[in-house]
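Colleague: Could you walk me through this one slowly, please? I would like to start with what the words mean.

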Amino acid sequence: MKSIFNSFIMAVSMFTIIKTPFIEWNDKDSKNMMKFYPLIGLIVGSIFAGIYFIMSFLKCSLILKSAVIMSVPFIISGMLHLDGYMDVCDAILSRRDKSEKLRILKDSKIGAFSVIALLILFFVQFGAVHSILEKNITSYSIIFIPVISRSLAGYFLLSKITIKESSLGTYFKKGTNKVDITIMIISIIISTILSMYFIKKELIFVSIAMIIGAKLSSDKCIKEFGGVSGDVAGFILVISECIGLVTLAII
């Protein structure tokens, strides 16, 4: 039981900026971290929805509300997944050969393509949140989006071949098995059912759009890099989360 608790604390400290009790990091407990990835999504989603609810009642401009709300998931996760998104965009948009793309993917320097991709992401996500606020959509509608995005990222990271050069991707997969993959799938299904039953049926389109976006993103990265990595998982998460918000804004 203590080992499971330690794994949960390690997952929270790794994937969020939330303060946790101090525990000694060890490889034995780290193998169960991915099992808590959907739960991390629920924590992020709850804070996301909470800030959305609070900002909805404040007498500030719609633009300011939108800017603050769209920033929340990035801030809570410590910009961890944005880093992967930028690295992948920089590599893919370079249009070089596979070996050069892999080099760019691992390069810590920020390229022009990653900055441009980040700006596009921010504009699109800002527009989506602005539309959601304008339509006065309930805050509960966004609570499961981070759960589904993390479950999808976890699923593709654990179920697909890992890039040999990816030390972080290999580390997260170490000690995982079919149970971890099953948890990701079940989390997506449960999140979809709960959102449809307790909020509105149309939210099934949000889940479907996110799944399609994650699948296409994964296929593209496997084609370009030969596999999945920690950065690719971050890319999948960011893309699917943005698609979820855009779909919610449309429906």
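Modeller: A residue is called buried when its relative accessible area is under 20%, exposed when it is over 50%, and partly exposed in between, as found with a 1.4 Å probe and protein chains only. This is a predicted model, in which local features need pLDDT of at least 70, side-chain atom pairs count only at pLDDT 80 or more, and totals for chains, interfaces and linings use all residues. Residues are numbered from 1 along each chain as its sequence is written, and side-chain values use heavy atoms, with hydrogens and water left out.

Colleague: So is Val12 buried or exposed, and why?

Modeller: Val12 counts as buried because its relative accessibility is 5%.

Colleague: Where is Val12 placed?

Modeller: Val12 belongs to helix H1, residues 2-15, where a helix is a DSSP run of H or I with at least four residues, numbered from the N terminus.

Colleague: What is Val12 in contact with, leaving aside its neighbours within four places in sequence?

Modeller: With those neighbours set aside, Val12 is in contact (heavy atoms within 4.5 Å) with Ile18, Thr20, Ile40 and Ile43.

Colleague: And how far apart are Val12 and Ser141?

Modeller: Along the sequence Val12 and Ser141 are 129 residues apart, while in space they are 23 Å apart, C-alpha to C-alpha.

Colleague: New topic: how many cavities of 30 Å³ or more are there?

Modeller: The structure has 2 cavities of 30 Å³ or more, a cavity being a set of points on a 1 Å grid over the protein atoms alone where a 1.4 Å probe fits but cannot get out.

Colleague: Which residues line the largest cavity?

Modeller: Its lining (residues with an atom within 4 Å of a point) is made up of Pro73, Phe74, Ser77, Met79, His81, Leu82, Gln125, Arg150, Leu237, Val238 and Glu241. Helix H4 (62-76), helix H5 (80-92) and helix H12 (230-250) each supply at least two of the lining residues, and H12 gives the most, with 3.

Colleague: How do those lining residues divide by class?

Modeller: The lining of the largest cavity has 6 nonpolar, 3 polar and 2 charged residues, with Ala, Val, Leu, Ile, Met, Phe, Trp, Tyr, Cys and Pro counted as nonpolar, Asp, Glu, Lys and Arg as charged, and the others, Gly among them, as polar.

Colleague: Is Arg150 buried or exposed?

Modeller: Arg150, which is found in helix H8, counts as buried because its relative accessibility is 1%. Apart from its neighbours within four places in sequence, Arg150 is in contact with Tyr37, Ile40, Gly41, Val44, Ser77, His81, Met184, Leu237 and Glu241.

Colleague: And what lines the second largest cavity?

Modeller: The second largest cavity is lined by Ser141, Phe144, Ile145, Ile148, Ser195, Leu203, Val206 and Ser207. Helix H8 (145-159) and helix H11 (204-225) each supply at least two residues of that lining, which divides into 5 nonpolar, 3 polar and no charged residues.

Colleague: Last one: at what angle do H8 and H12 cross?

Modeller: The axes of H8 and H12 cross at roughly 145° and come within 8 Å, where axes are lines fitted to C-alpha atoms over the stretch in contact and angles run from 0 to 180 degrees between N-to-C directions. The residues making this contact include Ile145, Arg150 and Phe156 of H8, and Gly230, Leu237 and Glu241 of H12. By class, the contact of H8 with H12 has 11 nonpolar, 4 polar and 2 charged residues.

Conventions. On a 1 Å grid over the protein atoms alone, a cavity is a set of points where a 1.4 Å probe fits but cannot get out, and a pocket is an open set with protein on both sides within 12 Å along at least five of seven lines; lining residues have an atom within 4 Å of a point. Grid points are joined across faces, edges and corners, and a volume is the space filled by probe spheres set on the points.
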